[in-house]
Amino acid sequence: MLAHSSRRVAGRVARTLAAVQRDFKSSAEAGQAHPKPVPLSKLKDSFLDGTSSTYLEELEQRYREDPASVDRTWASFFKSMDMGVSAEAVAEAYDAFERGENASPLAAAAVSAQSIQESMRLLLLVRAYQVMGHLSAQLDPLGLDQRAAPAELDHTFYGFSDADLDREFFLGTWNMEGFMAEDRPIRTLREILGRLRETYCGPIGYEYMHINDRERCNWIRARIETAERESYSRQKKMLILDRLSWSELFESFLANKYTAAKRFGLEGCEALIPGLKAIIDSAAELEARSVVIGMPHRGRLNILANVMRKPMEQVFSEFAGRRPGEGGGAYTGSGDVKYHLGTSYDRPTIHGKRVHLSLLANPSHLEAVNTVCLGKVRAKQYYSADDSRRANLPILMHGDGAFAGQGIVYETLDMSALPDYTVGGTIHVVVNNQVAFTTDPRKSRSSPYCTDVAKALSAPVFHVNADDAEAVVRVCELAAEWRQTWGSDVVIDLIGYRRYGHNEIDEPMFTQPLMYSAIKRHANPQQLYVQRLLAEGSVSKETVDDIQSTVQAKLAAAFEGAKEHQPKLSDWLSSHWKGFNSPIQYSRIRNTGVPIDLLKSVGDVITALPASFKPHRQIAKVYENRRAMVAGEQGVDWGFAEALAFGTLLAEGNHVRLSGQDVERGTFSHRHAVVHDQATGDKYTPLAHVYEDQRAGQFTVSNSSLSEFGILGFELGYSLESPNALVLWEAQFGDFANGAQIIFDQFMSSGEAKWLRQSGLTVLLPHGYDGQGPEHSSARMERFLQMVDEDPYQPPVIDEKEWFTGGHLGSQTQRINWQVVNCTTPANYFHVLRRQIHRQFRKPLVVFSPKNLLRHPLARSPLTEFDDKPDDKYIEGVRFKRVIMDENATDRSPNPEPVPGVKRVVFCSGKLYYELATERARQEGKADEVAIVRIEQLAPFPFDLVERELRRYPNAEVLWAQEEPKNMGAYLHVQPRLQTCIQGVGGTPPMRIKYSGRKTMASTATGFGSVHAQEQAELIANALDTSF
Ligand SMILES: Cc1ncc(C[n+]2csc(CCOP(=O)(O)OP(=O)(O)O)c2C)c(N)n1
Ligand SMILES: [Mg+2]
């Protein structure tokens, strides 16, 4: 080329380029803090300054030998000339650049043979593939999903004709990776289209152009828009084949052996198994040490056996319906169906790393396990000081119907980047069999893909044809690398089909005849992969047969082994839980009072604000009052009692985490756990500084997203990880807690019985009738009580011999499914929180928390009720009071001095007590005839203490007073228990316990303030009126 161009032109071009490249280089590298070393091929300035045409000739020679060996600008220069551009034209272009008429010499040289118009249209074409190539991708293994290819993907749309296919084009622009990177070789339109189609319209559909971050998009482009198609080694292909074979043969083995059993098989999406293993292997290479998996029914047994390595014997034995622990006298709970159970396993990876895998148990409720899984991962990150969040990662699996349909999916995604909830990214895998039970996608979502919700959160979505095992592995590896690099969510949409019905007993032809006719004709993914490998010549028929027979033999051996298999009681306490007791191992009751010195020193530090800090005037006052409480000058109020409970638990080395809507301040402005500097906006959290070097996050208080279901699930998951944490969730008003009903029903109240996992999760549900209408009065106490698994007619037996080792009423709490309290004093609230930690087992706690007691002058406790000095010989120490006696009673002995004059004993709970007591005080002599006893702990029911009170008032009738309607509140819970207690002290229980409260209602409360006031006055008057 240079042979027929003049040296003059070459010299000019060289000079021009030199100048340009200096400028270009400096602008490209501007802002880079650390200049990178420049490879030899890029060292050009010195020669260019020298205008050495000899050198230019040498350069050309080098280019001819290897185009990559010269700087890319030179490469395109030579290429331009090769394309028939005359040296003069190139020189002209550079002159124009020098005069400032062209934006770039590079572009000038490269595009001079094609119009700028063409170049721009070509860029649009590439962009179209990036944005919508997935619409033309081959994603449906059955080929039933016929989508019209968008016109934008056709070169003719941009004015190119087939005649242009073999013309060469230069594509390139700054700050781009992949096809549009400026150092890409010049290619023909045919080649460009070929790579675009291969990349974007093959078995993988990439959706990432919705991500508003150039770097992240470039990251993906750099990995998928490779100059040449990438391929796996033979060894890797064998690994994929082996894993796929296990997946396929496991299902067909079960199908043959247990023809009538439900297993929710994976057939049609078997590539999930090699895919999941690829995620785990790749993540382990990138620092992951623990993976927590949350998943639904589909393919669960396959994952348990092939990924979690649950012994196949055990899997088969569970199919035979055998119960673990039979005859062993151990706690077995209610158990659960086999496809809900969890497990964990330390898995060696193919690269020699070890990863701890946990699969969470879950209920049938689809997607409900999502945030539980994330909460557990977040807790693992806290306990293992995994600040980068790369060591612990969650994988959530979903069905196509559930992912699109269940709102919790959005709640989960919405939490993904919140500072106190992020887990550094979740890998989502949708096992998309294109049907949900009997419902077609057309009827189950309004969006083209079931994964579209994830695009709202800028997560990349990789759709992949489940028949192409290599493509599945490829996206799984990419997803793992994404998560470990960017710390954010990524979604894999594994598109397959479901070979059988929803479960194996269902007939799918009833509802999906065409789909199932196609499925019957369709080879399974393992057969397809074998065909492909054989055709490529990368595997021999013998090897394939070998793999098949080895797997078959192992499955058959396990099946035989299962007949002898003795199911063991699963190891129900995980690592952090050593030393904790099962519900049938007696535990001691411990005191929860705190030595006064510790109490005061904690009180001092948590009421101190930094000297320079400028809190709001009213907050300064709150803290001043708290200091007076520490000094004993004022009774401790609710908010400070809670702070003292948290502070003392922290001082003892526990972790405290409180989350919920607006909890930092507190919905009712009573907590002020985070104080805001009014001048700088800085925040200060006194409880984060209880002692020197307190670990960041040891006290976490965090306003949550506006979600109940998602956040409660998260905290539940968090509480499962370690017992040494008080984990609390507070509802804005208890009324809103039913948004999280699935977590209450399926996890919190029944999780221990089903899955043998304990949780000490504490929920605070503001409750109380103060005229705020039907949605701000009731936390629906009746529902929480109805789910208590205590027999109202069977009071626990006290084993006096075993008193000090737990043979007392403490074991009543161990055996119950959850505790329900409605405290009336700050001190009692303090003790019930501390009791959650100071015991040898964990039990969920539901606290009906007050609103107007937060500032009520009578709802104050002296500091002495918090310390560790018992004030009575009948108690071992200072503890939570399950019952609070009438204010005039002092005798705590089991058989107190009778008070014969009392004609009625009013049992009540919660803030109504203060209204009753105030009214009673107003009525002269009333206290002599009416006693008021508070039941602070509604479940487990304090049978023993209620009986004591009945013995104290031998001539009194029993009345239950509540402010809730009769069909709500605690009435129907306490009625049979009070009857049992009356019988227990030798009385004759009435048919109905007398009741003073609101009448039955559909709505929880009246919306009219005046009606509320009248109802309240009436129920108080009736409770105290012995003629009522
Ligand atoms: C919250 C909830 N609602 C309804 C059901 C009943 N149900 C069980 S499986 C299923 C269909 C699930 O479809 P998809 O998510 O596509 O999963 P697939 O079974 O196809 O793998 C339904 C509706 C459920 N388990 N959970
Ligand atoms: Mg489905």
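This report looks at two ligands and the residues around them.

## About the model

This is a predicted model, where local features need pLDDT of at least 70, side-chain atom pairs count only at pLDDT 80 or more, and totals for chains, interfaces and linings use all residues. Residues are numbered from 1 along each chain as its sequence is written, chains are lettered from A and ligands numbered from 1 in the order in which they are written, and side-chain values use heavy atoms, with hydrogens and water left out.

## Around ligand 1

Ligand 1 has 15 residues around it, and His297, Arg298, Asp400, Gly401 and Ala402 come nearest (a residue is near if one of its heavy atoms lies within 4 Å). Helix H15, residues 400-405, gives the largest share of this shell, with three residues; helices here are DSSP runs (H or I) of at least four residues, numbered from the N terminus.

Now for the polar atoms. Asp400 puts a polar side-chain atom 2.6 Å from an oxygen atom of ligand 1, while a polar backbone atom of Ala402 sits 2.8 Å from an oxygen atom of the ligand. At Ser364, a backbone N or O atom lies 2.9 Å from a nitrogen atom of ligand 1.

## The magnesium ion

Asp400 turns up again here: together with Asn433 (OD1) and Val435 (O), Asp400 (OD) coordinates the magnesium ion, ligand 2, at 2.0 Å. Donors are N, O and S atoms within 2.8 Å of the metal (3.2 Å for Na, K and Ca), and water is not among the atoms, so sites may look incomplete.

Along the chain, the donors follow the spacing D-x32-N-x1-V. Both Asn433 and Val435 are buried, meaning under 20% relative accessible area (1.4 Å probe, protein chains only).

Methods
A polar contact is a pair of N or O atoms within 3.5 Å; within protein, one must be able to donate a hydrogen and the other to accept it, and residues adjacent in sequence count only if both atoms are side-chain atoms. Helices (H or I, at least four residues) and strands (E, at least two) are DSSP runs, numbered from the N terminus. Buried means under 20% relative accessible area, exposed over 50%, partly exposed in between (1.4 Å probe, protein chains only).
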